[in-house]
Structure formats: structure tokens, C-alpha cells
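Please examine the sequence and the coordinates shown here before reading on.

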Amino acid sequence: MFSVTQSSKSEFLDKARQAREDRKGQKDMEKSATHIQALVRRFLCRCRLQKQIRKEVDDYFQASEIGTSKRNALSIFKIARKLLFVYRQEDKMRFEKLCRAILASMEVENEPKVWYVSLALSKDLTIPWLKQIKDVLWTCCQLMKHLKPDILQDNKLVTLYLSMLVTFTDTLTWRIVRGKGEALRPALMRICENIMGHLNQKGFYSVLQILLTNGLARSKPSLSKGTLTAIFSLSLRPVIAAHFSDNLLRSFLLHIMSVPAVVSHLSVLTPEVKTNDLLRKFILFLSREEQCLDICVCLEGSHTLCLLGNLIHLGYLNEKVLEEEANHFVKDLTDMLSYCQRYVSQKKSNLTHWHPVLGWFSQTVDYGLNESMPLVTKQLQYLWGVSVIRTLFSDVLSKKLEIKSEGSLTVLCFVSDLFKRAFQKSTSVRNILKPVGGKRVDSAEVQKVCSICVLYQTALSTLTQIRLQILTGLTYLDDLLPKLWAFICELGPQGGLKLFMECLNNDTEESKQLLAMLMLFCDCSRHLITILDDIEVYEEQTSFKIEELITISLFLNTFVFKMIWEGILENAKGEKLELFHSVHGWLMVLYERDCRRRFSPDDHWLRKDLKPSLLFQELEKGKKRAQLVLQYIPHVIPHKNRVLLFRNIVTKEKENLGLVETSSASPHVTHITIRRSRMLEDGYDQLRRLPANSIKGVIRVKFVNDLGVDEAGIDQDGVFKEFLEEIIKKVFNPALNLFKTTSGNERLYPSPTSYIHENHLQLFEFVGKMLGKAIYEGIVVDVPFASFFLSQVLGHHHTTFYSSIDELPSLDSEFYKNLTSIKRYDGDVGDLGLSLSYDEDVMGQLVCHELIPGGKTMQVTNENKISYIHLMAHFRMHTQIKEQTAAFIRGFRSIINPEWLHMFSTPEVQRLVSGDNAEMDLDDLKKHTVYYGGFHSSHRVIIWLWDIMSSDFTAEERAMFLKFVTSCSRPPLLGFAYLKPPFSIRCVEVSDDQDTGDTLGSVLRGFFTIRKKEPGGRLPTSSTCFNLLKLPNYSKKSILRDKLRYAISMNTGFELS
């Protein structure tokens, strides 16, 4: 009973609560409905009102167009107030009509009540009018942001809205201030300033930046010159009105001067630029370091570069300001370039994009900016153009290089007649520049030149993709680098080396600037000498005189050596200093030029204070400085010592590979059998498949004669030497067409038509191995290579500053002269009818080789003639023989480690192959001669022989004698002590086919000069494989002389005995 009553009570309470909630919900619904109805009524009322207002606006403009109502300032003001009250996106056309109406009212003559601006003078309407014009002008700005100037309709609207802004931000066009109204101008100008202040607060400069960027950041600008001038004038007005305040200058630089190439697009700059001395104000504003950094950080990398380009262009156009503010201008540009450099280094990542000026770094892709980058690059080029360089380097260029008369001329004795004439021509113009010292490094002049050099050095390290353009611009003036060298020579108490060595040890700002000047000089000079040809360097002596190159190279050689030896070529992180790369690069360009064509005196490159024995001791101990000397400047070590070092390296490798006879083990020997009639074929078949280590090892050769009979004799390296010499003689014979000879000096290089041999590339690889084996064993072979080919073997053609045109004379001197005559051709090269192709007669057929794709249809012009010259040289020396050279190098390097040859120049490697080009040292030969068959050093025939060699034979005949006995006309590099087998002379009684070797009787007869019969009818013979001279026991000195002379001139044959 109790439970039922309780249940009924809870149900009652639930129903009551539900009823209350339902009533509350009903009330809320009714309240919401009332609110919605009010909102709808309000919306509908507003729509009706807006519709009514728009109708009134439309009726007003329609009536004005058909002329039924007369337009005045007050009516325009009222209709504008209505339009602005209801303005939405759909009202763009109405707003356009309003703007046209306002502008039209301003152009009416002598009707003040029509002029829209007249309302500004009304007491009651001044403030409302001011608010209205601000709203109208900001609406114009807002609309311009979304317009695309390349669309015709949008372009018209841009012009309209700009006209509004131009009209109401300055009183120039206001008719109300003409005549008697001139007194009103100051008050009205304050109104204009008020308007501009309002626009600035809203973001006026951002709008102009967007408009300029939309119109200019493209390959073809879409803004007219008039529009551009209007925008530029508008952007300047707030700055001028605010008397060039820092805030507005900052906005102007950030938003206007950072637009890509904006200065380039203004054909005639607005007068405000020069009248208000804008460039000077920009320079001084940026000269404060914190403000310059603020600007750079806000703009980031690419836009900082755009600002830089515009400032440089302004400097180019305002030479007077640039001259007066050179110090600040240089500092500003240096700071901005340094920021760009830091920005790029910080943005390095795996996800990078390529920038056409700054290189690779992580950046947002801005296609408009990329399209306009060629124009920005063109602006940057003014910095290294003649005009700006003359202005900035005026202190250096104004220096007069002292005149020297011909009477006081002194010519160094080591120079050839050709050089003497060149020197006489050059030194009659000026003194040779040498370090003299005398100029204080803390003087204002030196500081200024140093800061300019820092600027250009920073540009070189920042604008990486146009580095060559910068260097070319800096080297355009022939007198800049010589005068900069003259300036360097005057620095410090003594000039030159000592000052810069002290700078290396000092970490002061002054030292860094001085070293930057040296770096710039080295980078530019290296670039100049690289692009000059031999005629310009040696005959015309463009920029530098030969004696100056000698002085400079001596300075550089000493500087680099001291940097290495004193351990100051690396920073704390172990990275090579940029300075070292610059100085070492310039040094090596001079050294390589000297190797190709000598300009320096004997022993010029050697360091007299460096003892080879000390260097080798340090190399043995693994000292870093000794290794670096060998790596970077091996030429400071005498050539003989480097050859010794090379031989030691080879010997050590032989020991490591077990190729040397020891008490406990014998090296592996490879035996081959060679038919004399098929020497090349048999050698190729049996050796080409051998691994490199087997070729480096001992190879024993057994010859089979034409009758198929094994030849007598045991090969103790002599027979292999003969085999190697014969193989090399055959493969390098031009008749085989594996190699060709150059015109003129007949030096060897791979034949472009070697492909007539089916396996020509395998043959080249085999030849490379055989030449490598000859060098490995120290066997000299008489094979004169063209220097351009040896340069490729050494890998010099992969270096940064290698120039094909410099090597071309070693291939074809006439072809080189013809090509360089095109470079000097004063007329239109197009008249010569050349194309970017090369026609060649290949076995009776004319073959056209295109130097670049489609080259045969491209004409050679004055613009591309330098490219044509280099392309042609590269084709002749590289492209034509690329496969053959690669195969030869592959074979050669399998025997000779390329790093071993880094210590030799190209001519030195030729000497390594073919022996010393110095005259034969007879005393050295006598000292290391071995005698057999009864001969001895005091034997009368031997005495006669040496006397004939020294007194009767010419140098050419002595070379022929050496070739007769050893198969090579040049003596060994290290002297005859290193000739293997040693040079020997043997007394013989019978002809070679009857000779059975020395017997006790033959030796005794030879010793006591007892002859079986008079050998007067017999000639001396030789066995080149053993370096052996077989000499009959002649009875008279005259007979010996005549027979020997005849034998060496006829190059009498031999067979192994």
C-alpha cells in the first residue's frame, strides 16, 4: 500500500516539471520568433533602403550622363556619402563612376562650387569631407590590390584609382589654389598630409608594393611609364611631407625600393629623386648598422638582393652623390651582401631551390621574382661596370705610373730575343712595379681602398652564380690591376710580403681588410691571365708586364710557402682559408703559364731555404706541412729530388706488392713468348688480360725469330726493355693511325680516326699500360707527346681555370692563330660566314661536326665569337678524341697512381717519359760505364772514344750516339747512375752473327790490343736492350771516329747476342 502511494507522487512531480519545461520552451520559441522576425524586418528594411539608395545613386549618375541635372561639389559629396554607406563588392561600377565624377569636377574651369575639393573650405563640411575623401581613397587602394595590370580593363581602373590618389595627396592640380587662392595652399597641404598620414596607417605602401610587383615582376612589364611615374611620385609624397623621417624612409625602402628592378623600369626618373637627393638619404639611413640589419631581416634574401640592385642602379645614375658618399655607399652594400651570404648559408637544407644569383638554398618559390631576376642581375652589373669602378677606385686609378725612358732600359739576360723586344716595347711606357713600401696602412686612403676591396670580395663570395661576370667586369679596365698592385707595393714600411704575413697572424679588422684586398687582387688577376691568350700576355703584355709577373709570382710563391710551412693556411675548424685558395690559385695559373711558355728565370720557382733532405725527413715522419708542400706547391722542390721521391714511392709499392727479390722470397714472374714478326699482336694478346699487379711485376720475354726458332739469350730485364721499346715504337708510329703528329713540332696525340681499328679503344688502354710500365720501371722512351694530351692524362683539364684555347698551339699553331684572329677581328664577324660547327675531311669525305646542338644553323657573331673560339678548341682537343683519351688514361692509371704525378708539371712528365732534355753529361756517362771483353777505362780505344765524343761530335751527334746505344736520345732524368741496365762497352772481334760472347782469349786479346785481323771494315753495333755498345778494337782513332759516325747516322740494326 505504501509503495503505490510513493510511486504516484513521483509521477505527479515529473509531469509537473515536464509541463514547466514545455511552457518555458514555448516562451523561448515565441521570443526567438519575435527576434527573428525583427531581424528579418530589419534586413528587409535595410535591403529596401540600400536598394533605394543605390537607385538614387544610379539615377544621379544617369541624370549626369544625359545632362538633365547640373553636377556640383555638394551633390557629389551627398551621393558619395550614400554610396559609401551601402558600399559592397557589387558596387564597384558605381564607385568607378563616383571616382570619375570627382575627377571631372576637379577639372572644370572657373566654377569653384563644382570643385569637389572646395568643400574642404566649408566650416560645416570640412571634417565630414575629410573623412569621406579618406574612405574614398582607401577604397581605391583596396581595389587596386586585386587588379591585374596585364588585363586591359584592370589597367584602366589602375589608372583611374591612381589619378584619384595623385589628385588628392598634393595641391598641384587644384584650381582652387591658383591666383588669389595661393594663400590657401599651406592649409590645404596640411589636409593632404593628413590624408597621406591616414593612408600610411592603413597600409598605403603595401598596396603600392603589390601593384608594382603585379605589374613589374614578370618577363614583360605591364605598367606603362606614366603609371610607373605616378606610383613612384605617390610613394615619395609621404616621405617628403614627413621631411624624410626614419619611419617613412624605412617603409619606402621596404616596400618600394625592394620591388625587382623598379628603377630600371622608370625611363626618366621623377624629378623628386634628384631634387630631394634621395640616394644620399637612403645611403645615410642604411649606414646605421641596426637600421640596415632591420631592413634586411624584414626583406629576407631575394628581396634584399632586389633592394641592392635598385640602390646600385641609383648610384650609377647619380655619380656625384656616389662620389661624395662612397664610404657609406660601400659600407651599406657590404653589409647587405654579408646578410645575403649569412641568409643563404642558414637556409641550406636537403629541400633547396636554385636561385639564379645566390645559388642553392631553401626558399619559397616566387615565379614572378624569378622572371624578373635577369633585370635585377643587370642592375647588379652596374657595380662592376666601368663607371662605378672608376668612381669607387678613383684613388687607385688616379695614380700615375712613373714613365721610364728607353735609355735606362735593362733587360734580364735569361730572356729570348722575342721577349727582349716585348720588354723594350713595354718598359718604355712605365717602370716595373716592385714592393717599395712607405704608405701607412691606417691612413684614410688605404682604409677606403680596403673597404672597396672588401665589398667586391663579399660580392664574389655571395653572388656565386654570377661570379665570373664580376671578375670579368673588374678586369675590364687594363690599368686597374697594375695600379692596385702598385698600391699594394706601397703598403707598410717595406711593402709586400712582410706586411701580409703579419696580417695573417693578427685577427684585427684592419688585417682582414688588407687580406681582402690581396684576395681580390689575386682572384681578378688569376681570372685575367686565364682569359688572355699568349699574344696578349707575352707580346702585347696587356695589364701586366712580364717583369711584373715575375715579381708577383715570386711574392705569391713565398707567401704560399710561408702559409703552409708556418701552419696558417687553415682556420680553427681545419678548413682551408679562402685567402689561401685565392693566392694559391693565382700562383698556379702563373706557374702553369710559365710551364707552357717560359717567362721566368732559371730556378725562379725553387725555395732556396727549403732543404730537400729536411722535407723528405718530415715526409717520412708523416708531418702535415711537408705533405701540404708536396700537395700544393711541389715546384718549390728541385725536379731531381721530386723524381727521386717518385722512384722511392714506386720502390715502396713494389716492396709492398712483393715484386722485389728478397732473401726469403722471389717475386712472381710472368713469361711471354713473342714472335718478332708479330710483336704488337702477341704482346697485346698476352698482356692485355693480365691484372695490373702482374704488369707491374717481373715480365720475362722470349723472342722467336722469323724462322720460328727461339732466339739465344737470357732475359735479365734487357730483353723486356727491348720488347717494350719496340712495342712503343710500333704503336706510336703515325702510320698505324692510333696516334697522329701535330703540325710543326710533330708531337703525338690520339688519332680522331683510330676507329678504323676494330678494337682501337682496347689498344689505347694497352698502350696506356705499356707507357705506364715504362715509367714504373724507369725506362725512358723517345715518345714526344703533345702537351695538351699530357695535360689531359694528368687531369689538368678538370681544374677550374683550365682553358682549352691556351693549349691549342700545342696541337696546331696555325689553327690557333686563325682562331685568335677572329677574337681580334674589328669588323662584323657575321660577314665571315662562320657557323658553330667544324667541317673535317675524314678519309675523303666532308663531315660536319656541330659544336653545340643545331650549331651548323647558328651564325658566329660578335656576341658569341669568344664562345665559338673556346668551343672549337675544346672540340679539336677533347671532344674528337674523348674516348681514345679516356681508354689511354684508364690503362695508364692502372699502373701509375695519378696522385704520384701531381708533383710534376706537364713538361716534367714528358721528361719522366723521355728523359732529360738537357745536353748529355759525358763525365757522368764515363763514370757509370761498365767495360767488357778486355776494355778498361785506360784502354786506348776507350780514350779515343771519349775524346771523339767530347771534341769531334756535336751535341746532336752525341744525342744520336745515345739513341744508338739506349734507343733514347735523351739522358736519364737522374743521370746515368739510374740507367738500367747500366751503360756498357764491349770489345768484339767478329760480327754479331758469329759472336758467342767473351772467352778468356778474346778478353786477353782485347786487353793487350792484340787483333786476330784488322777490323777496319766492320762497324760498331749495339744491343739497346742491354744499353750495350759493341766496339771493334780499331787500330786508329780516325777509323773509330768515321765508323762510329756512320753507324749512329745509319742507326745500324742489331739482334740479341
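The buried residues of helix α5 are covered by elements that include α3 (92-106), α4 (126-145), α6 (185-202), α7 (204-216) and α8 (225-241). Helices (H or I, at least four residues) and strands (E, at least two) are DSSP runs, numbered from the N terminus. Helix α5 comprises residues 152-168, 17 residues in total, and reaches 25 Å from its first C-alpha to its last, close to the 24 Å expected at 1.5 Å a residue; the expected span is 1.5 Å times one less than the number of residues. Among the buried residues of α5 are D154, L157, Y161, M164 and F168. Buried denotes under 20% relative accessible area, exposed over 50%, and partly exposed in between (1.4 Å probe, protein chains only).

The model is a predicted one, in which local features need pLDDT of at least 70 and side-chain atom pairs count only at pLDDT 80 or more, whereas totals for chains, interfaces and linings use all residues. Residues are numbered from 1 along each chain as its sequence is written, and side-chain values use heavy atoms, with hydrogens and water left out.

Residue R593 lies in helix α27 (residues 578-596) and counts as buried, at 2% relative accessibility. Leaving aside neighbours within four places in sequence, R593 is in contact (heavy atoms within 4.5 Å) with I529, L532, D533, D534, V537, Y538, F599 and D806. R593 and T530 are 63 residues apart in sequence, and their C-alpha atoms are 8.9 Å apart in space.

D533, one of the contacts of R593, also forms a salt bridge with K823, the closest N and O atoms being 3.2 Å apart. A salt bridge is a side-chain nitrogen of Lys or Arg within 4 Å of a carboxyl oxygen of Asp or Glu. D533 is buried, with a relative accessible area of 2%, while K823 is partly exposed at 22%.

The structure holds 51 salt bridges. In one of them, the side chains of R598 and D594 meet at 3.8 Å, N to O; D594 is buried at 5% relative accessible area, and R598 is partly exposed at 42%. D277 and R280 form another, with the closest N and O atoms 2.4 Å apart. Salt bridges also link R54, D58, E90, D91 and R94 in a network.

D706 is placed in the loop between β4 (698-704) and α33 (718-731) and counts as exposed, at 66% relative accessibility. Not counting residues up to four places away in sequence, D706 touches R676 and S677. The C-alpha atoms of D706 and R676 are separated by 6.6 Å, although the two residues are 30 apart along the chain.

Confidence is expressed as pLDDT, the predictor's confidence in each residue, from 0 to 100. The protein chain averages 84, and 88% of the residues score at least 70. Confidence is highest in helix α39 (residues 882-895), at a mean of 95, and lowest in helix α19 (residues 417-427), at 38. Over residues 403-429 the pLDDT is below 50, and this stretch has 40 contacts in the model beyond near neighbours in sequence. Where pLDDT is low, the predicted coordinates should not be read in detail.
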